[in-house]
Amino acid sequence: MNKTVKHIVLASSILLATPQAMGSMLTGGDFANNCSIADWDQFGNVGVSGAPGNCAATLSVDDVIDFETELSQGLSLSSGIDYTLNVDFSVDTTMSDPILDDWFSISLLNQDFEFIELFYTDILSAQSFSESLTIAASDLASYANQDWSLSFYMFDGFEADSNQSTAFITFASLDSVVTDVPAPAGFVLLLLGFAGLFTRKALARSNGRPSQKAAVSWANLNGGINQ
């Protein structure tokens, strides 16, 4: 095979073998398996429950001391890039009251105490969630302070309802969304197409001369017979 063709095929195979997805930008977000919140900033009644493979980061509020609680982690976000936050969690409460209910939210918070709310729910009963939340670059760009943290926050809605609510977070992952890069598979197919075209032309050149000579010889022979 021609060396140029070999190089094209080699480059194509490397592109196909190279992973295109980036790892999560969060550290220690696999709570179910890590059973740890050591990589996160903690405020209030925050802890870990369960056994390895089935652990959860827990946030709890009550009417005594822990009327609010938060689990957060600083982020390094780039301008002009969208992100996707995937979170698996559940909530539960000891009392169901639509007026005095506690609530849970997921937000981005910067150093100027400005926030972008990504998710909010009143805690009225035991519920499970698996959310895929979009963080748009256009939303981030409207803030001068870009020093962001991801915040899981729970608040006690009424201080005299003798109620306790808990959130159980089993997984959190933050990934960038690449929209301006051509699909690798399409680029590889383009390279392979050029390789095939190059090979066909090379074969035509190598095999063309003998064929042309044979055609000329046949034409001369045929002309001699006719004469």
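Me: Helices (H or I, at least four residues) and strands (E, at least two) are DSSP runs, numbered from the N terminus. In which strand does Asn110 lie?

Reply: This is a predicted model, where local features need pLDDT of at least 70, side-chain atom pairs count only at pLDDT 80 or more, and totals for chains, interfaces and linings use all residues. Residues are numbered from 1 along each chain as its sequence is written, and side-chain values use heavy atoms, leaving out hydrogens and water. The strand that holds Asn110 is β6.

Me: Is Asn110 buried or exposed, and what is its relative accessible area?

Reply: Buried means under 20% relative accessible area, exposed over 50%, and partly exposed in between (1.4 Å probe, protein chains only). Asn110 counts as buried because its relative accessible area is 3%.

Me: Which backbone oxygen does the side chain of Asn110 reach?

Reply: Contact means heavy atoms within 4.5 Å. Leaving aside neighbours within four places in sequence, Asn110 is in contact with Tyr143, Asn145, Asp147 and Trp148. At 3.2 Å, its side chain reaches the backbone oxygen of Asn145.

Me: What is the strand order of the open sheet of 5 strands?

Reply: Two strands pair if DSSP finds at least two bridges between them. Strands β4 (residues 68–74) and β9 (residues 148–155) run antiparallel and are joined by 7 bridges, and Gly74 stands opposite Ser149 in β9. The pairing in the sheet is antiparallel, and the order is β1-β4-β9-β6-β7.

Me: Which residues have the most contacts inside the largest nonpolar core?

Reply: A nonpolar core is a set of buried Ala, Val, Leu, Ile, Met, Phe, Trp, Tyr and Cys residues joined through side-chain atoms within 4.5 Å. The largest one has 35 residues, and its largest share, 5 residues, comes from β5. Beyond four places in sequence, Phe104 touches residues including Phe89, Phe119, Phe152 and Ile169. Those with the most contacts inside the core are Phe104, Ile106 and Phe152.

Me: How many contacts beyond near neighbours in sequence does the stretch of residues 209–218 have in the model?

Reply: pLDDT is the predictor's confidence in each residue, from 0 to 100; the chain averages 78, and 62% of the residues score at least 70. Over residues 4–21 the pLDDT is below 50, and that stretch has 16 contacts beyond near neighbours in sequence. Where pLDDT is low, the predicted coordinates should not be read in detail. Residues 209–218 also have a pLDDT below 50, and the count of such contacts for this stretch is 0.

Conventions. A polar contact is a pair of N or O atoms within 3.5 Å; within protein, one must be able to donate a hydrogen and the other to accept it, and residues adjacent in sequence count only if both atoms are side-chain atoms.
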